[in-house]
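Load the model and keep the sequence panel open. The stops below come in viewing order.

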Amino acid sequence: MKPIVFLGDSRERIRDFPERVRRQAGMELRQVQFGLAPSDWKPMTSVGPGVREIRIRDAKGAFRVMYVATLAEAIYVLHAFQKKTRATSRRDLELVALRLALLK
């Protein structure tokens with residue numbers, strides 16, 4: 001099982017999610033650790049190769065956890081945030097791209 005490494009403030013951001021969303025994010029990341037796909041995800045190839053987005057919906061909004069699991073040593077959580085609009089903000093996408101570049 002690959003370890004999970006949280007980059008930047010991604011761990012703190014997940015901790016700030018509502019409890020149900022935080023638990024769901026943890027369960028989804030556990031699935032990834034076992035080599036399985038999260039229940040609701042999509043590839044984020046526009047940000048970088050191998051980047052995926054876990055999508056969690058709750059009465060309090062839409063939440064996202066972006067990660068890369070294609071590297072041999074670990075699963076890297078690049079960013080976590082609550083979506084406020086239909087499209088993912090440019091700022092969030094740029095932050096994910098920056099953390100991915102620093103990782104490689």
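**Stop 1: helix α2**

Select helix α2 and show what surrounds it. The buried residues of α2 pack against β1, α1, β3, β4 and β5. Contact here means heavy atoms within 4.5 Å. Buried means under 20% relative accessible area, exposed means over 50%, and partly exposed lies in between (1.4 Å probe, protein chains only). Helices (H or I, at least four residues) and strands (E, at least two) are DSSP runs, numbered from the N terminus.

Which residues of α2 are buried? Pick V21, Q24, A25, E28, L29, V32 and Q33. An α-helix has 3.6 residues a turn, so residues three or four places apart point the same way.

Now check the length of the helix. α2 has 15 residues and reaches 21 Å from its first C-alpha to its last. That is close to the 21 Å expected at 1.5 Å a residue. The expected span is 1.5 Å times one less than the number of residues. Step past the end of α2 to G35, whose phi is positive, near 80 degrees.

**Before going on: what kind of model this is**

This is a predicted model: local features need pLDDT of at least 70, side-chain atom pairs count only at pLDDT 80 or more, and totals for chains, interfaces and linings use all residues. Residues are numbered from 1 along each chain as its sequence is written, and side-chain values use heavy atoms, with hydrogens and water left out.

Colour by pLDDT, the predictor's confidence in each residue, from 0 to 100. The protein has a mean pLDDT of 95, and 100% of its residues reach 70 or more. Among the elements, helix α3 (residues 90-103) has the lowest mean, 94. Helix α1 (residues 10-15) has the highest, 98.

**Stop 2: the sheet**

Five strands form an open sheet, in the order β1-β5-β4-β3-β2, with mixed pairing. Two strands pair if DSSP finds at least two bridges between them. β1 and β2 (41-43) stand at the edges with a single partner strand each, so one side of each is left without a neighbour in the sheet. Neighbouring strands are turned by 30 degrees against each other on average, direction ignored.

Zoom in on β1. Three bridges join β1 to strand β5 (residues 75-83), and the two run parallel. Here I4 stands opposite I75 in β5.

Bring the helices back. α2 packs on the sheet, touching β1, β3, β4 (61-68) and β5. The direction of α2 makes about 145 degrees with that of β3. α3 lies across β3, β4 and β5, running at about 170 degrees to β5. Axes are lines fitted to C-alpha atoms, for helices over the stretch in contact, and angles run from 0 to 180 degrees between N-to-C directions.

**Stop 3: salt bridges**

How many salt bridges does the structure hold? There are nine. Each is a side-chain nitrogen of Lys or Arg within 4 Å of a carboxyl oxygen of Asp or Glu.

Select R20 and D58. Their side chains meet in a salt bridge (2.8 Å, N to O). R20 sits in helix α2 (residues 19-33) and D58 in strand β3 (residues 51-58), 38 residues apart. R20 is partly exposed, at 42% relative accessible area.

Salt bridges that share partners join D9, R13 and R99 into one network. D9 meets R13 at 3.1 Å, N to O. D9 also meets R99 at 3.1 Å, N to O.

Finish with accessibility. Is R99 buried or exposed? R99 is buried, at 13%. D9 is partly exposed, at 30%, and R13 is partly exposed, at 25%.
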